[in-house]
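Please read the points below with the sequence and the model open beside you.

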Amino acid sequence: MQINRNKEEEEKQNELSVETVLVMQGGGSLGAYECGVYKTLAKHNIKFDIVSGTSIGALNAAIISAHRHQNVKNSAQELENFWLELAETIIPLPSLLYFTDESRAILASMYSALYGNPKAFFPRWITSGFFNYPQSFRLLPYPLFDIAPLKKTLSRYVDFTNLRNSNRPRLIVTSTDIQTSEHVIFDSKYVNINADHVIASTGFPFYGIEWTQKDGRYLWDGALLSNTPLREVIDASPISDKIVYLVNIFPHYQKELPQGMFEAWHRARDIIYTDKTDNNVRLSKIISRHLSLLKEMHDLLMISNVKLKEKGDAKLKERFDKMELEYNKLARQRGAIIKEIVRIERPEKVHFLFEDADFSVATIKQLIRQGEDDTERALVTNNQ
């Protein structure tokens with residue numbers, strides 16, 4: 001019957017409209033974990049239609065989408081090279097034997113706060129005459145760090161003109177308008193994204209990172225509004241269904257209760273920035289079930305409509321035709337359905353507040369390996 005042929009064509013079209021999406025969070029040096037995640041995904045030849053990110057996740061997303069090579073595995077190598085360039089040999093290798101993960105993180109984050117990172121951020125307060133004034137400790141200057149070095153480093157790994165290539169993933173990065181508290185989304189489908197757009201996503205005020213002025217707006221880190229830019233992807237691409245790979249840097253669950261103020265701040269920070277898209281996923285599943293039921297009802301009604309044509313009932317036929325138009329409109333505008341979501345979660349053994357400022361070589365390499373291993377496990381679990 002014609003109804004069956006139409007149904008087959010519709011199902012085939014739905015299969016063709018599914019997009020594979022990678023979503024990456026912000027988290028400073030913890031972004032090296034996302035590098036490890038992507039290395040494993042690339043090894044399994046998983047390709048993406050859309051890559052979105054905020055803060056350090058925006059930089060990772062930019063390198064994945066606009067890297068200077070064609071092969072997906074080369075993009076993973078470029079991303080790892082970027083992170084190894086950001087890494088610093090703060091502690092001589094022989095001395096690492098005497099440092100625990102926590103003590104190394106403390107020393108490395110203190111070093112970053114005092115001296116910055118030559119490939120990422122420069123401490124402005126050193127040259128600002130901050131210590132020359134009695135009121136200095138009452139009026140802490142802002143910004144504390146200049147991120148021009150990060151923009152320069154990023155530019156060595158990306159060619160943003162590659163985003164115009166249909167073979168490259170669509171890039172979506174997010175930031176926050178300081179004055180209006182609104183999300184600002186940069187989408188390579190509509191904007192010629194450059195390094196300034198990406199850097200605009202990284203201005204984290206709590207660490208004294210400067211804002212970026214872009215297109216008449218003053219922009220801070222996108223994580224201030226949402227550290228998991230999945231909703232922004234669905235808003236930007238509302239029709240095609242999604243298979244989502246989501247990297248959660250900040251643990252959902254921590255068994256141990258905080259001991260002391262720094263651990264309390266650390267756990268509160270994790271809760272603020274952890275993935276909160278469960279409601280989006282639940283709503284997507286509910287919508288999907290409703291649409292499935294509606295489709296069954298539609299198909300039954302269309303069978304009745306065929307019989308009405310044979311009987312020549314013009315009034316009922318007109319009503320059925322209007323229902324058909326409304327159904328097709330609803331089906332097209334329903335919003336993207338999340339068909340599948342693969343979460344890669346970073347666990348942690350040490351709870352240290354400034355772990356995201358640890359750019360030591362040992363920590364960066366450890367995070368990359370951890371991301372690789374956790375992703376392998378997540379893929380196995382998802383396939384069971």
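Is Phe-262 buried or exposed? Phe-262 is exposed, because its relative accessible area is 53%, where buried means under 20% relative accessible area, exposed over 50%, and partly exposed in between, using a 1.4 Å probe and protein chains only.

Before going further, please note that this is a predicted model, in which local features need pLDDT of at least 70 and side-chain atom pairs count only at pLDDT 80 or more, while totals for chains, interfaces and linings use all residues. Residues are numbered from 1 along each chain as its sequence is written, and side-chain values use heavy atoms, with hydrogens and water left out.

1. The chain as a whole. The chain holds 12 helices and 10 strands, which are DSSP runs numbered from the N terminus (helices being H or I with at least four residues, strands being E with at least two). Of the 384 residues in the chain, 49% are buried. The accessible surface comes to about 20200 Å², and carbon and sulfur atoms account for 56% of that surface; such areas come from the Shrake-Rupley method with a 1.4 Å probe, and for residues only the protein chains shown count as cover. Taking contacts (heavy atoms within 4.5 Å) between residues at least 6 apart in sequence, 76% join residues at least 24 apart.

2. A nonpolar patch. Phe-262, the residue of the opening question, lies in helix α9, which covers residues 261-273. Together with Met-261, Trp-265 and Phe-354, Phe-262 forms a nonpolar patch on the surface, and the four have about 440 Å² of accessible area together. Patches are made of residues with over 30% relative accessible area and no salt bridge, with like charges joined within 9 Å and nonpolar side chains (Val, Leu, Ile, Met, Phe, Trp, Tyr) within 5 Å.

3. His-351 and its surroundings. His-351 sits in the loop between β10 (338-345) and α12 (361-383), and it counts as buried because its relative accessibility is 13%. Its side chain makes a polar contact of 3.2 Å with the side chain of Glu-256, and another polar contact, of 3.0 Å, joins the side chains of His-351 and Glu-348. A polar contact is a pair of N or O atoms within 3.5 Å; within protein, one atom must be able to donate a hydrogen and the other to accept it, and residues adjacent in sequence count only if both atoms are side-chain atoms. Leaving aside residues up to four places away in sequence, His-351 touches Gln-254, Glu-256, Glu-263 and His-266.

4. Salt bridges around Arg-124. A salt bridge here is a side-chain nitrogen of Lys or Arg within 4 Å of a carboxyl oxygen of Asp or Glu, and by this rule the count comes to 22. One of them joins Asp-146 and Arg-124, whose closest N and O atoms are 3.6 Å apart. Asp-146 belongs to strand β4 (residues 145-146) and Arg-124 to the loop between β3 (122-123) and β4, so this pair ties together parts that are 22 residues apart in sequence. Arg-124 also forms a salt bridge with Glu-210, with the closest N and O atoms 3.0 Å apart. This second pair links distant parts of the chain, 86 residues apart, since Glu-210 is in the loop between α7 (195-199) and β7 (212-214).

5. A salt bridge between two helices. Asp-196 forms a salt bridge with Lys-151, the closest N and O atoms being 2.6 Å apart. Because Asp-196 lies in helix α7 and Lys-151 in helix α6 (residues 148-155), the pair ties together parts that are 45 residues apart in sequence.

6. Strands β5 (residues 170-177) and β6 (residues 183-187) pair in the antiparallel sense over 5 bridges, where two strands pair if DSSP finds at least two bridges between them. Thr-174 has Ile-185 in β6 as its bridge partner. The two strands form a hairpin with 5 residues between them, and Ser-181 in the turn has a positive phi of about 60 degrees.

7. Another positive phi. Most residues other than glycine have a negative phi. Ser-55, although not a glycine, has a positive phi of about 55 degrees; Ser-55 lies in the loop between β2 and α3 (56-66) and is buried, with a relative accessible area of 9%.
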